[in-house]
Amino acid sequence: MCDLLQTKGIDLEHNRFLILQGEVEQISLMKPKALNPNDTGLLEYLEEIIGSCVHVEEIEKLAKLLEDVNEKRIEQTNRVKAS
């Protein structure tokens, strides 16, 4: 039965599919975003629930790449304008 639930995306290890009495208040008092990597804010909590936390590292890597490409684009645009 556990295997069947896990194949349907229900996380039995962290019990995120069930919010117990008292946890609603605890969740509502969470900081919007964690201040450090070892902390958990509401954003990180929700990312863990929906499973998007596995993509955070890749998103950050791609955001850095995008930033670098934009810097190069701006440099090249400025060179074209200067000539």
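I take a residue as buried when its relative accessible area is under 20%. The model I consulted is predicted.

**Entry 1, overall fold.** I looked up the secondary structure and found four helices and zero strands. Along the sequence, the order reads α-α-α-α. I then checked burial: of the 83 residues in the protein, 7% are buried. I also checked the contacts with a separation of 6 or more, and residues 24 or more positions apart account for 13% of them. The protein exposes about 7,500 Å², and 58% of that area is supplied by carbon and sulfur atoms.

I asked which residues of helix α3, spanning residues 42-50, are buried. I found Glu44, Tyr45 and Glu47. Viewed down the axis of α3, these buried residues fall within an arc of 165°, so they line one face of the helix. I noted the general rule that an α-helix has 3.6 residues a turn, so residues three or four places apart point the same way. I next looked for what covers the buried residues of α3, and the cover includes α2 (23-28) and α4 (56-82).

I looked at what comes after α3 and found glycine 51. The phi of glycine 51 is positive, near 90°.

Leucine 46 has its place in helix α3.

Definitions and conventions
Residues are numbered from 1 along each chain as its sequence is written. This is a predicted model: local features need pLDDT of at least 70, side-chain atom pairs count only at pLDDT 80 or more; totals for chains, interfaces and linings use all residues. Side-chain values use heavy atoms; hydrogens and water are left out. Buried means under 20% relative accessible area, exposed over 50%, partly exposed in between (1.4 Å probe, protein chains only). Helices (H or I, at least four residues) and strands (E, at least two) are DSSP runs, numbered from the N terminus. The arc is that of the directions from the helix axis to the C-beta atoms. Contact means heavy atoms within 4.5 Å. Accessible areas come from the Shrake-Rupley method with a 1.4 Å probe; for residues, only the protein chains shown count as cover.
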